[in-house]
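User: I would like to go through this model with you, beginning with the ligand site. Could you take my questions one by one?

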Amino acid sequence: MNPASNNGLRTIVCLKVVPRPEEVRVDAETMTLDRAGAQSFINPPDLNALETALKLKDACGGEVSILSMGPPFFEPYLRLALAVGADRAFLLSDRAFGGADTLATTYTLAKGVEKIGAFDLVLCGEESLDGATAQVPPGLAEWLDVAQVTCALEIEKVPGKREMRVQRELKGGSETLSVDLPAVVSVKANVNEPRFIDYDRMEWALQEAPVGVWGAGDLATDPELTGLAGSPTTVAGVRQVATPDRRRKHLSGSAGEIARALADLLRTQTGSRGG
Amino acid sequence: MAASLIRPEEAQRIWVWLEHDGTSLEGVSLELLAKGRELADRSGEGLVGLLMGHELDSLADEALGYGADEIVVAEDPLLEVYTTDAWCDAAAQVVLEKKPNILLFGATPDGRDLAGRLAVRLRTGLTADCTDLEIKTDEPALMLAAEVTGFGGGVAAIIACKENRPQMATVRPGVFRPALRRSHGEEGVQSRCPVRIDPGRVRTRVLERRIGEAVDITKAEALVVGGRGVKGDFGLLETLAGLLGAELGASRVAVDEGWIEKDRMIGQTGSVTRPKVAIVCGVSGAMQFTVGIMEADTVVAINSDPEAPIFESADYCVVDDLFSILPPLIRELENSR
Ligand SMILES: Cc1cc2nc3c(=O)[nH]c(=O)nc-3n(C[C@H](O)[C@H](O)[C@H](O)COP(=O)(O)OP(=O)(O)OC[C@H]3O[C@@H](n4cnc5c(N)ncnc54)[C@H](O)[C@@H]3O)c2cc1C
Ligand SMILES: Nc1ncnc2c1ncn2[C@@H]1O[C@H](COP(=O)(O)O)[C@@H](O)[C@H]1O
C-alpha cells in the first residue's frame, strides 16, 4: 500500500466518546438510548490504545493522529488526547452519519483513515462501552484491506521491517503473531497505564491546535453506505428483562449466627429453587 | 444500504461456525448447535455446521452427532491454526457458494475476530454478543430476532437484519444449553466445500501459542463469586470454593483489576452461568453482571451496602462485611466435614 516510511510509525488512534454507563437510560418508547444528562468520557480502552501509540512513537518516532466519528461535542475530548500527546485530530461529524451500525461506522471511519493519508498502524480499543461490541476494528481492517489483530496485549515494532510483533489474547491463553504493516490492531483494556495530560501542551491542545472536522462532502462518502441508511441492522423492539423471582430472604444476627445459617443452607442446598 | 451479496430469497438454512482446537469442539459451538436445532425445527429449515481447519476427519465424524443435518468441511493447510485472513477468505468462499440464511458464531476471541471481518466482506449485518435468538416464521424470508442486553439496565433490544444475508450473530458462551450427543442412525451427512487461500494474502503469522488449562465456569455446579468488595484478595473465596467443590467467578471489575483470570468473568461480557448455587461476595449487582446469574437456582449475596442492587437478585441476603462472614463460614464448613 504505502511505501515504507523511514520517519517512524504513522499511527491513527480511533477514539470514541461514550456516556458513563450507569447514567444512561433506555427510553422504551423511542427505543433509543437516552444519554441526556449522562456525563461522557473517552471510551477507556481507547486510552490504552492511545498510550500504546505514544509508546511506539517514543520508541520509533513518527506521528499519532486521532480519528473519531461522532457529534460535535466530541471535539473537546479529542483535544484532551492532543494534550496527552497526539499530534493531530480529526472528527467525522455529519447528520448523515447518525444511527450507523457497525457496517456503516466502519465504512465511514475507513473513509476518514483514507483522507488522513498514508498510515502504518490503526489502533482501536478492544470494545466500546456503549453497546457495540468489538466489531469495529475487524470491520475497519476489512474496508481498508489490511492485516488485523484483535485483543492485543503487547505490540512491538520489528526493527528495520514493515512488521509488528503482537501478543494477542486467546481463550485460556495468548499467541504471538508477526503482523505485516499496515494493520488495524485493537488493544485490550488495562494493558498499560495511560499517561496524564502534558501541561506544556495544554494551551496548544485546548485552544490553538486545529481539529479537522469532516462531513460527508469532505469524505465523499456514498450516502447509501453511511448512517441509518447504510445500516443493515435495525432495532426491531425492546423488551424489559424479566428478573427471576428471588426469595430475597434476609439472614441476620451476629457474624457467627449468619455463618451457621449459611453453612446449613449450603449443606442442604439441593439445587431446587422451590419455596 | 450496501447491496447484499446474497438475496434473501436464495438464502437457505441455519449455519453454525464450529470452533475447535483440532481435537474437540468448543462448548459454545455445541450450545449453538442445540439452539440452531430448535430454531431449525421451528422454521422447517435445515441446520448446518461449518467446520474449517486442516486434517479434520475425526473431528468431522464427531461433529455429525450433535443434531446438524449436514456438516460442511472446508480444509486447507493454511487453516491449520487460526489467522484472520485465511479463515475469513475461506469462510467467505463457503458462504458465497452455499448462501446461508443465518450464520452464528460463538462470541469467543476468534469468533468475534472472524465474524466482525466476514460481515463487512459480505456487506451484511452482524449482531454482536446476543443473549437470545428467535426466529420470526411469519416473515417471508425467515427473520432472525437477535437479542442483546442493552446497557443502562433492565432492557434488552431485539436486533434484526431485514434485507441482507446471511443474518449474522455472535452469541455469548453459556447462554444456551449444549447439544447432547445423539445415538447412531440420527446423524447428519457430511460434505466438503473446496476453498482456495492465497498464502500471499495471509498477513499475520502465528509464532507461538500458549494455552493454559482453560476454566469453564458455565459448567460449574457451584460458584463463589467476588467483585470489587474482595479488594484484590480472592484467598478466602478460594478456600470457601475448595470446601464446596465450587469454581471461582468474578465481576468485571475484579477481572479488569487483574485480580483473577478473565475466563472467570460472569455477565454480559463474561459468561452466563447456571450453577445450583452462587455465593456472590462484594458485587454491587449491575445489570451487566446479574444477567450472568439469572439462570442460577439459588443466589446468596453478601454485601455491606444494604442498598446494593444485588439483593434484588438474591435468594439469601447478608448485609455485612464479607471479611467478617467468610471466616466463620469457612470454619463451620470445615468442622462439619
Ligand atoms: C457494555 C458493558 C458490559 C459489561 N459487562 C459486564 C460483565 O460481563 N460482568 C460484570 O460483572 N460487569 C460488567 N460490566 C460492568 C458493570 O456495569 C459493573 O460496573 C460491574 O459489574 C461492577 O463490579 P462490582 O460489582 O465488582 O464493583 P462495584 O460496583 O464497585 O461494587 C462493589 C460492591 O462491593 C461492596 N463491598 C465493598 N466492600 C465490601 C466488603 N468488605 N464486604 C461486602 N461487600 C463489600 C460494595 O458495597 C459494592 O456494592 C459491564 C459494563 C458495560 C458498560
Ligand atoms: N464512532 C467511533 N469513532 C472512533 N472510533 C470508534 C468508533 N466506534 C468504535 N471505535 C473504535 O473501535 C473500538 C471498538 O468499538 P466497538 O466495535 O464499538 O466495540 C473502540 O474502542 C474505538 O477504538
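User: Residues from which chains surround ligand 1?
Analyst: This is a predicted model. In it, ligand 1 is surrounded by residues from chains A and B, so the site is shared between chains.

User: Which residues come nearest to ligand 1?
Analyst: There are 29 residues around ligand 1, and those that come nearest are B:Arg228, B:Ser251, B:Ile266, B:Thr269 and B:Ser284.

User: What lies 2.6 Å from an oxygen atom of ligand 1?
Analyst: That is a backbone N or O atom of B:Thr269. On the nitrogen side, an N or O atom in the side chain of B:Asp321 is 2.9 Å from a nitrogen atom of the ligand. A backbone N or O atom of B:Leu322 also lies 2.9 Å from a nitrogen atom of ligand 1.

User: And how much of the ligand's accessible area does the protein cover?
Analyst: On its own, ligand 1 has 980 Å² of accessible area, of which the protein covers 84%.

User: Which helices of chain B each supply at least two residues of the shell?
Analyst: They are helix H6 (252–256), helix H7 (287–290) and helix H8 (322–335) of chain B.

User: Changing topic: is strand E15 of chain B largely enclosed or open?
Analyst: Six of the six residues of E15(B), which spans residues 298–303, are buried, so the strand is largely enclosed by the rest of the structure.

User: Which way do its residues point?
Analyst: B:Thr298, B:Val300 and B:Ile302 point one way, while B:Val299, B:Ala301 and B:Asn303 point the other way; all are buried. In a regular strand the side chains alternate between the two faces of the sheet.

User: What are the bridges from E15(B) to other strands?
Analyst: Five bridges join it to strand E14 (residues 277–281) of chain B, and the two run parallel. Here B:Val299 has B:Ala278 opposite it. Four bridges join E15(B) to strand E16 (residues 316–319) of chain B, again parallel, and B:Ala301 has B:Cys317 as its bridge partner in E16(B).

User: Now the sheet containing E14(A): what is its strand order?
Analyst: It is an open sheet of four strands in the order E14(A)-E8(B)-E7(B)-E6(B), with antiparallel pairing. Its edge strands are E14 (233–240) of chain A and E6 (132–136) of chain B, each pairing on one side only. From one strand to the next, the twist averages 30°.

User: Which helix packs on that sheet?
Analyst: Helix H1 (residues 27–43) of chain B does, touching E6 and E7 of chain B, and its direction makes about 15° with that of E6(B).

Technical notes: Residues are numbered from 1 along each chain as its sequence is written. Chains are lettered from A and ligands numbered from 1 in the order in which they are written. This is a predicted model: local features need pLDDT of at least 70, side-chain atom pairs count only at pLDDT 80 or more; totals for chains, interfaces and linings use all residues. Side-chain values use heavy atoms; hydrogens and water are left out. Buried means under 20% relative accessible area, exposed over 50%, partly exposed in between (1.4 Å probe, protein chains only). Two strands pair if DSSP finds at least two bridges between them. Axes are lines fitted to C-alpha atoms, for helices over the stretch in contact, and angles run from 0 to 180 degrees between N-to-C directions. Contact means heavy atoms within 4.5 Å. A residue is near a molecule or strand if one of its heavy atoms lies within 4 Å of it. A polar contact is a pair of N or O atoms within 3.5 Å; within protein, one must be able to donate a hydrogen and the other to accept it, and residues adjacent in sequence count only if both atoms are side-chain atoms. Accessible areas come from the Shrake-Rupley method with a 1.4 Å probe; for residues, only the protein chains shown count as cover.
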